[in-house]
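Colleague: Before I set anything up on this chain, I would like to go through its architecture with you, one point at a time. Please show me the sequence and the structure, and then I will ask.

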Amino acid sequence: MASPGKESTWLILNGKSAQQPEIRDAVEHLRRQGHDLQVRVTWEGGDGVWLVDSAVAGGASRIIAGGGDGSINEIVAGLMRQPPERRPALGILPLGSANDFAHGLNLPMGPRDALALALTGSIRPVDVGKLDDEAFVNVASGGFGAEITTSTPVGLKRLLGGGAYSLMGMLKAWNYQPFEGHMRWPEGEARVPLFMLAIGNGCQAGGGQRLAPSARLDDGLLELLFVRHFNSLGELKRIIDELENLPQDGEFVRYLRVPWVEFDSDGAFPLNLDGEPRRYEHFRASLDREALPLVVPENCPLLRRAG
Ligand SMILES: Nc1ncnc2c1ncn2[C@@H]1O[C@H](COP(=O)(O)OP(=O)(O)OP(=O)(O)O)[C@@H](O)[C@H]1O
């Protein structure tokens, strides 16, 4: 057991996963190797944020988020409340159902390997996304993208891979309505009926949907993918083709790299921040440059500079 007060690493575990024997095994294994690792467990949403305060007060120099994208999001929110000079580094023990951020980083998924890397891996400063004042580290996905990432049956994810015909039928059955709104970014603006929107600091969401494939965490830019709404099967087929190539200025699909973007919606627009659902009538997405010290694997695909 580590002694509080001296420099140590804290593992903040989502309580959903805390009793898994392989997590206990990994913690004991690494403690036996001499690592000073304190463990705290969340009871409910929001606990991750104040547990970061406790970890910092206890002298933690690294904090490991044990959970999925939502848990990482909470812990990043907690870390961003700390003064930059006292902000511990973030390591990740992937324990969610999707683990999109961890997969994008190419982290090991086995608990022993993941925990060992989180404790000993090298640290790089990475950008943190901001949606108004809220932090996100991976992807904000909206419209249909928000529906894919939460609150929909798993079957819907399969439908996305099932081609235009089944997707069109499902959207009709669902009476899917586009979201009208006005988007602005440094070099342009557009009035759009939106089918979907993704704003990526990281590259994937929704359980492996690579919505922002050229995302880098250290480039000072957000990937902006938006897809205009469509009315026919033919148009949907064109969208699927355009999504293959992600044109800057396609007929339906636009893929841009921007330091900020603003959206004014005619209604409450559903947007997930790292998978956690929100609604906005107006938002501005931007970045805090290199604000988060992150533990990364070697040759991390989300970095411009080698990890
Ligand atoms: N002890 C707990 N029991 C149940 N839920 C919890 C507990 N502590 C936190 N939570 C909830 O867990 C959610 C975050 O889950 P997490 O991201 O770790 O897993 P996930 O949703 O399976 O991951 P992913 O987004 O990668 O699929 C938060 O919304 C939070 O409210």
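Colleague: Which domains does the domain assignment of the chain give?

Modeller: This is a predicted model, and the answers that follow should be read with that in mind. The chain has 307 residues, and its secondary structure comes to nine helices and 13 strands. The domain assignment gives domain 1 (8-120) and domain 2 (134-288).

Colleague: Where the two domains touch, which element gives the largest share of the side of domain 1?

Modeller: The C-alpha centres of domain 1 and domain 2 are 29 Å apart, and the contact takes twelve residues from domain 1 and 14 residues from domain 2. On the side of domain 1 that touches domain 2, the elements giving two or more residues are α3 (69-80) and α4 (100-105). The largest share of that side, seven residues, is given by α3.

Colleague: Turning to the ligand, which element gives the most to the shell around the ligand?

Modeller: The ligand is surrounded by 17 residues, the closest being Gly15, Gly45, Gly68, Gly70 and Gly96. In terms of composition, the shell around the ligand divides into two nonpolar, twelve polar and three charged residues. The element that gives the most to this shell, with three residues, is α3.

Colleague: Which residues have the most contacts inside the largest nonpolar core?

Modeller: In soluble globular proteins, nonpolar side chains tend to be buried together. Here the largest nonpolar core has 82 residues, and this core draws at least three residues from each of domain 1 (8-120) and domain 2 (134-288). The residues with the most contacts inside the core are Ile63, Val76 and Leu90.

Colleague: With which residues is Val76 in contact, leaving aside its neighbours within four places in sequence?

Modeller: Val76 is one of the residues with the most contacts inside the largest nonpolar core. Once its neighbours within four places in sequence are left aside, Val76 is in contact with Leu90, Val128, Ala135, Val137 and Leu292.

Colleague: How many bridges join strand β5 to strand β13?

Modeller: Strand β5 (residues 122-131) and strand β13 (residues 276-296) run antiparallel, and Leu131 stands opposite Ala285 in β13. Strand β5 also runs antiparallel to strand β6 (residues 134-136), to which three bridges join it, and there Lys130 stands opposite Ala135 in β6. For the pairing of β5 with β13, the number of bridges is nine.

Colleague: Is Asp132 buried or exposed, and why?

Modeller: Strands β5 and β6 form a hairpin with two residues between them, and Asp132 is found in the loop that joins these strands. The phi of Asp132 is positive, about 55°, although the residue is not a glycine. Because Asp132 has 11 C-beta neighbours inside 10 Å, where 12 or fewer is the limit for this class, it counts as exposed.

Colleague: What is the phi of Glu290?

Modeller: Glu290 has its place in strand β13, and with 16 other C-beta atoms within 10 Å it is partly exposed. Glu290 is not a glycine, yet its phi is positive, at about 45°.

Colleague: How far apart in space are Leu243 and Asn14, C-alpha to C-alpha?

Modeller: Leu243 lies in helix α9 (residues 233-245), and it counts as partly exposed, with 17 C-beta neighbours inside 10 Å. In sequence, Leu243 and Asn14 are 229 residues apart. In space, the C-alpha to C-alpha distance between Leu243 and Asn14 is 35 Å.

Technical notes. Residues are numbered from 1 along each chain as its sequence is written. This is a predicted model: local features need pLDDT of at least 70, side-chain atom pairs count only at pLDDT 80 or more; totals for chains, interfaces and linings use all residues. Domain bounds come from an automatic or database domain assignment. Two residues are in contact if their C-beta atoms, placed from the backbone, lie within 7 Å. Helices (H or I, at least four residues) and strands (E, at least two) are DSSP runs, numbered from the N terminus. A residue is buried if 20 or more other C-beta atoms lie within 10 Å of its own, exposed if 12 or fewer, and partly exposed in between; C-beta atoms are placed from the backbone. A residue is near a molecule or strand if its C-beta atom, placed from the backbone, lies within 6 Å of it. Ala, Val, Leu, Ile, Met, Phe, Trp, Tyr, Cys and Pro count as nonpolar, Asp, Glu, Lys and Arg as charged, and the others, Gly among them, as polar. A nonpolar core is a set of buried Ala, Val, Leu, Ile, Met, Phe, Trp, Tyr and Cys residues joined through C-beta atoms within 7 Å. Two strands pair if DSSP finds at least two bridges between them.
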